[in-house]
Amino acid sequence: VAPLVVREIPSAVANLGVSQVNPALIIARKRDGGRLPDVEFTEFVSGYARGEIADYQMAALAMAIYLRGLDAGETATLTRAMLESGTTLRWSASGPPRVDKHSTGGIGDKVSLVLAPLLACCGLWVPMISGRGLGPTGGTLDKLESIPGFRTDLSLPEIQRITADVGCVITGATSDLAPADRKLYALRDVTATVSSIPLITASIMSKKLAEGLTALVLDIKYGSGAFMKSLDDARQLARSLVDVGTEMGVDTRALITDMNQPLGRMVGNALEVDEAVATLEGHGPEDLVVLTLELGSELLEQTGRAADRALATQRLREKLVSGEALDRFRAMVSAQGGDLDAPRRRADRTEIRARAPGYVASINGQQLGQIVIELGGGRKQTTDSIDHSVGLEMAVRIGDRVEVDQPLAWLYAPPAAARAAAPQLEAAIGLGPQPPPTPRLIVERIAPSAGRAPEEP
Ligand code: URA
């Protein structure tokens, strides 16, 4: 196994010093629509990370960026400065390629749990640093914590050891990875500056690039259950993320995928782990399997592990049906202290039936996510604890015909809570007289812009 090293990245402008940067002038420049010079912008951000630039100055700059935007070069500068505020994982050049997938989050999205072991079976290393749920979409770490004993607080040496031993790891960010992002994200949250494409780009990419990746694939979701409600916004975010990743030397691609209905049937932490395990046993829902194989095929192609997408998909499918990926998932769970065979609690099940006949015309993902939060399966505040046993199971998909009394979904919750949530769940599933067009799961593929190629590392 190739030796691994964690290395501090030296700042590109270590010698400038914050005393030579006038924060008010930089804020004014962006306020007036100007371009921020690389060196001053870097020093502003690293000064903020070190505590030498005040929160109120960073908040003013964030708002100026929110209103005026950043171009691709400025966004890359911000990303690099946030990345360089902390430690990065460094891997031996002679070891396997390191890959990861990042999703902007969706209802029922448990792709990471299937994809990480699947890629590890193909000889790739997957040091996946993931997040918790806040708002309607769930978090991968919360899902995994429904497995008794599973640890999501691994140290950097543990991440490296398990990646080298098993091929994949899924854990939370350590405090020394991109600390500027943690600080800036908290500030954006309370200053109405979260929904800015350049700020989102720098936030996501600084954390992903800290993993020391060879290739990255992004799943940018749009629709009722996604962070990006419109296809156009999803396209802009995908382009920005792919361009910054490419600019920073990582082969980065994106898929834009539909999130106008849950992915798979299960929504809720333990329920989603059960569905991921069923998928690894070879009998997962079609949409989850298709998306997992598509994202995986991109990475096999990007790293030269498959000559074309068809061969890549075939290889991944074989690993899934042979049970190899399940064995790898079990090994990862065990290396992270978990017991996959220990029972995962499911709350009582209540059936929700159709009151009228019709075709399923719409499913409001945001509302489904909200129901799971109300049941205790998600958070309203970062400090809330989670009930892993609650959630819902969909019986229908967009386009299905339903008759009166046919099941629409099942709620997993204590009976009184299920009774309270039932009207909301019924309202989230819209029925119409005509069959609607079937939504396409994978809408677009975003490759690096012409003329942009990954830098030599
Ligand atoms: N996810 C992140 O990590 N950062 C953002 O700014 C938005 C979503």
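Buried here means under 20% relative accessible area, and V169, at 0%, is buried by that cut-off. This is a predicted model, so take what follows as a tour of the prediction. Stops along the way are V169 in strand β5, helix α11 with its twelve residues, strand β13 with its partners β9 and β11, and a nonpolar surface patch that includes M63.

- You'll find V169 in strand β5, which covers residues 168-172.
- With a relative accessible area of 0%, V169 counts as buried because the cut-off is under 20%.
- Leaving aside residues up to four places away in sequence, V169 touches V126, P127, M128, L154, I159, I162, T163, M332 and Q336.
- A116 sits 53 residues from V169 along the chain, yet their C-alpha atoms are separated by 7.6 Å.

**Helix α11**

- Helix α11 takes in residues 269-280, twelve residues in total.
- From first C-alpha to last, α11 reaches 17 Å, close to the 16 Å expected at 1.5 Å a residue.
- Twelve of the twelve residues in α11 are buried, so the helix is mostly covered.
- After α11 comes G282, with a positive phi near 95 degrees.

**Strand β13 and its partners**

- Strand β13 spans residues 407-412 and is mostly covered, with five of its six residues buried.
- On one pairing, β9 (residues 349-353) joins β13 through five bridges, and the two run antiparallel.
- In β13, W410 has E393 standing opposite.

**A nonpolar patch on the surface**

- M63, Y66 and L67 make up a nonpolar surface patch, and together they have about 280 Å² of accessible area.
- M63 belongs to helix α3, residues 55-68.
- At 31% relative accessible area, M63 is partly exposed, because that value falls between the 20% and 50% cut-offs.
- An α-helix has 3.6 residues a turn, so residues three or four places apart point the same way.

Notes
Residues numbered from 1 in each chain as written. Predicted model: local features only at pLDDT ≥ 70, side-chain atom pairs only at ≥ 80, totals over all residues. Heavy atoms only, no water. Helix = DSSP H or I, 4+ residues; strand = E, 2+ residues; numbered from the N terminus. Expected span 1.5 Å × (residues − 1). Buried < 20%, exposed > 50% of the residue type's maximum accessible area, 1.4 Å probe, protein only. Pairing = 2+ DSSP bridges. Contact = heavy atoms within 4.5 Å. Patch = residues over 30% accessible without salt bridge, like charges linked within 9 Å, V, L, I, M, F, W, Y side chains within 5 Å. Areas by Shrake-Rupley, 256 points an atom, 1.4 Å probe, with all protein chains shown as cover. Salt bridge = Lys/Arg side-chain N within 4 Å of Asp/Glu carboxyl O.
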